[in-house]
Amino acid sequence: MPDWLLYTGSRRTHDGIERLPPPPPWRAFDGEPVLPTPPGGSGNEHQAKTYRPSDDAVQQVNAALYLRRPLLVTGPPGTGKSTLAYAVAHELGLGPVLHWPITSRTTLRDGLYQYDPLTRLYAAQREDAPADEDIGRYIRLGPLGTALLPYGRPRVLLVDEIDKSDIDLPNDLLTIFEKGEYELPELTRRAEPTAEVMTADGPGSRVTVKAGTVRCNAFPLVVMTSNGEREFPPAFLRRCVTVELRQPSGEAELSAIVREHLGPLADRSDDLVRRFFERSSSGTLATDQLLNAVYLCRHADTEDRRALADRIMPYLTGPVDDD
């Protein structure tokens, strides 16, 4: 692999992120105080250690890291779009992936932070309530809000299925990605706009936010996945690094994926791999369907493996009419 690659797809954790050069002048951020990377693995170690990225995916991940730009990952179901985020976090030792699943009702505020005013009100009405209230107990940063904290190394943020979002969300994200910061109005309106707030990293994880503003130091690696259910605005696309993942191109490549995931259980699975390719010519199938079929056929007491596999691998979009 060329020396400029930090993420190589080796699936072995290393300190290559230390070679990341300073950002372009127009993508430099200076949030403080600089925070250490949270301990722990990526959050999905099996997927991270078995993922086999394409050369194109490796190149584009590195481009996103160098340019401090979001990575938009497209492709059919089962090609590893979400898994790519965990694979990068695992190899580069970037800590747990921050996962933000998107629905049609998701707003920018959902990703940044949540504020619980009702619980705060009830607490203030107690007779033993302290005069100097800890407002940080009622603010929890979301996955996006946590990723933008001033970490010394980039956090990995997985924005899953952004094509399912409301039409305004991609444009709303542009401002956040360009500025690398956001405000918490509940803090900026206070006489003392500094508080220790909760983060998306789990119970007990709190950080100090000063002046009611969060500003990143190392821009996060934002991996946004899309199944192609909608088009994105040109302004959004030109600010992203893009990569399209494809299904395995042949039986040998797919068999290697099966062996990575299932080890000895993948023995004598060539007939199921072949059947997967036969069926995929008539409709959309996902690789994880094949993994399920191989696993089940190794444990099920049946002589008709093909019929069982077909039931476990239904078409995702319906068969294509040969006519």
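**Entry 1**

I am working on a predicted model, where local features need pLDDT of at least 70, side-chain atom pairs count only at pLDDT 80 or more, and totals for chains, interfaces and linings use all residues. Residues are numbered from 1 along each chain as its sequence is written, and side-chain values use heavy atoms, with hydrogens and water left out.

Helix 13 covers residues 305-312, and its axis comes within 11 Å of that of helix 11, crossing at roughly 50°. Axes are lines fitted to C-alpha atoms over the stretch in contact, with angles from 0 to 180 degrees between N-to-C directions. Helices are DSSP runs (H or I, at least four residues), numbered from the N terminus.

I listed the contact (heavy atoms within 4.5 Å). From helix 11, Asp271, Leu272, Arg275, Glu278 and Arg279 meet Arg305, Arg306, Ala309 and Asp310 of helix 13. I sorted these residues into two nonpolar, no polar and seven charged (Ala, Val, Leu, Ile, Met, Phe, Trp, Tyr, Cys and Pro are nonpolar; Asp, Glu, Lys and Arg charged; the others, Gly among them, polar).

**Entry 2: helix 10 and helix 11**

Next I checked helix 10 (residues 251-262) against helix 11 (residues 270-280); their axes come within 10 Å and cross at roughly 125°. This crossing is right-handed. Glu251, Leu254, Ser255 and Val258 of helix 10 touch Asp270, Val273, Arg274, Phe276 and Phe277 of helix 11. I noted five nonpolar, one polar and three charged residues here.

How values were computed: Helices (H or I, at least four residues) and strands (E, at least two) are DSSP runs, numbered from the N terminus. A crossing is left-handed if the near helix is turned anticlockwise from the far one by less than a right angle, and right-handed if clockwise.
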